Amino acid sequence: MGSNKPSVVMVGLGYIGLPTAALIASKEIKVTGVDIHQHVVDTINKGEIHIVEPDLDGLVHHVVKEGYLTASTSPVEADVYLIAVPTPFKGDYEPDISYVESATRALLPTLKEGALVIIESTSPVGTTEKMQAVIEAERPELAGKIYMAYCPERVLPGNVIYELEHNDRAIGGINTESTEKAVEFYRHFVKGTLHKTNSKTAEMCKLVENSSRDVQIAFANELSMICDEAGINVWELINLANKHPRVNILQPGTGVGGHCIAVDPWFIVSEFPEQAKIIRSAREINNYKTEWAIEKVKSTALQFKIDNGRDAKIACMGLAFKPNIDDLRESPALQVVDTLVNDGFNVLAVEPNIKSHNKYEIYDREDAVEQADIIVYLVAHREFANSERVKITLDFCGIYK
Ligand code: SAJ
């Protein structure tokens with residue numbers, strides 16, 4: 001790596017790439033951030049940001065002003081290359097690694113002997129070795145002369161800056177030299193413990209972390225539907241069961257949203273369909289929980305109409321994919337509202353973390369409660385805590401636990 005401060009290229013300036021690039025740059029390491037979107041590059045070069053994440057704006061402003069972070073649409077020569085681009089899935093739940101491959105190909109002209117290439121994007125098992133093969137096919141003279149490793153991010157949206165620096169990391173090289181090189185690099189900016197492994201194990205580790213959470217949430221969601229049939233308060237039940245020293249059940253909700261936990265398990269299922277039975281069921285249960293909630297709201301509204309001779313006004317409390325954030329992407333709560341509205345129900349949307357929405361008028365909490373006939377709690381935002389149980393209430397997220 002030459003001098004003890006390497007030069008760095010970060011490919012992908014999204015929710016992970018930008019905070020990581022900024023954190024590295026804050027250690028007085030020169031970072032070139034690369035993104036295919038010109039407006040992202042322009043925004044960052046002005047010292048501004050294009051995503052919502054606490055404390056990120058100040059950090060980016062500082063490192064751009066000090067000259068440690070610059071953004072560009074194409075990579076430059078560097079000692080270390082990091083890849084943090086999206087890996088979505090295709091329609092049939094098959095992982096799509098085309099962005100990782102394009103990012104790898106974009107590096108090809110600038111790669112030199114001794115460079116270290118690290119993939120951080122969530123990836124199916126074997127991706128790092130596949131990208132090694134891509135590099136060696138296009139630049140055969142570099143075969144065996146560059147280092148490659150996989151190191152997944154595991155930060156929680158909303159707490160990214162802190163977790164980037166303090167979480168432990170699993171670092172897996174294509175060989176032990178690569179692992180060592182990558183560990184040496186992360187030591188510049190990570191305070192958590194750096195655990196050494198191989199690339200395939202590190203790739204699987206990321207998928208397993210999110211699948212584990214998905215399976216645990218599915219257990220809670222399954223319990224909530226069983227308890228509804230049995231006439232048992234699931235929140236009280238879980239609270240009591242968790243008094244056992246070796247039981248720790250998570251919380252049921254409207255379903256599992258966000259762009260990680262609802263996606264990553266499919267990478268395992270699609271590669272290992274015969275073996276991944278619990279992982280697949282968990283995905284299905286968590287998706288079904290949202291459908292189940294929608295049916296509950298609809299049948300309650302239809303009963304209201306039978307009893308009162310008019311359509312119910314339904315206050316939907318929360319649109320975000322989890323409590324106390326403003327992120328509506330892949331949100332089960334939004335799916336409930338979208339379906340109810342599409343099916344002709346009369347909905348008042350409440351989301352204290354956003355001011356406006358392109359499709360829905362956002363109601364003030366008190367106004368919605370006053371106007372509504374049915375109140376549906378979809379996300380346990382702190383603003384909804386201690387709400388009184390008035391009118392007809394459906395609680396999918398434990399407001400009244
Ligand atoms: N949820 C429940 N019940 C629970 C906990 C969560 O229904 O008891 C729901 C949430 O409401 C939300 C979804 O699950 O809809 C996911 O929320 P989350 O807070 O569990 O996770 P994310 O998606 O914000 O972030 C996860 C984290 N992974 C793990 O905790 C194993 C984070 O550390 C990862 O870095 C991130 O995915 C990622 O980028 O992969």
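Which residue has a backbone N or O atom lying 2.7 Å from a nitrogen atom of the ligand? That residue is Gln-251, and the pair falls under the heading of a polar contact (here, N or O atoms within 3.5 Å; within protein, one must be able to donate a hydrogen and the other to accept it, and residues adjacent in sequence count only if both atoms are side-chain atoms). The model is a predicted one, in which local features need pLDDT of at least 70, side-chain atom pairs count only at pLDDT 80 or more, and totals for chains, interfaces and linings use all residues. Residues are numbered from 1 along each chain as its sequence is written, and side-chain values use heavy atoms, with hydrogens and water left out.

One of its oxygen atoms sits 2.6 Å from a backbone N or O atom of Phe-321, and an oxygen atom of the ligand is 2.9 Å from a polar backbone atom of Arg-154. The protein buries 85% of the 770 Å² that the ligand exposes when taken alone (areas by the Shrake-Rupley method with a 1.4 Å probe).

What about disulfides? The count is zero, a disulfide being a pair of cysteine sulfur atoms within 2.5 Å. The sulfur of Cys-316 has its closest cysteine sulfur in Cys-397, 11 Å away, so the two are too far apart for a bond. Cys-316 is buried, at a relative accessible area of 0%, and Cys-397 counts as buried too, at 9% (buried means under 20%, exposed over 50%, partly exposed in between, with a 1.4 Å probe and protein chains only).
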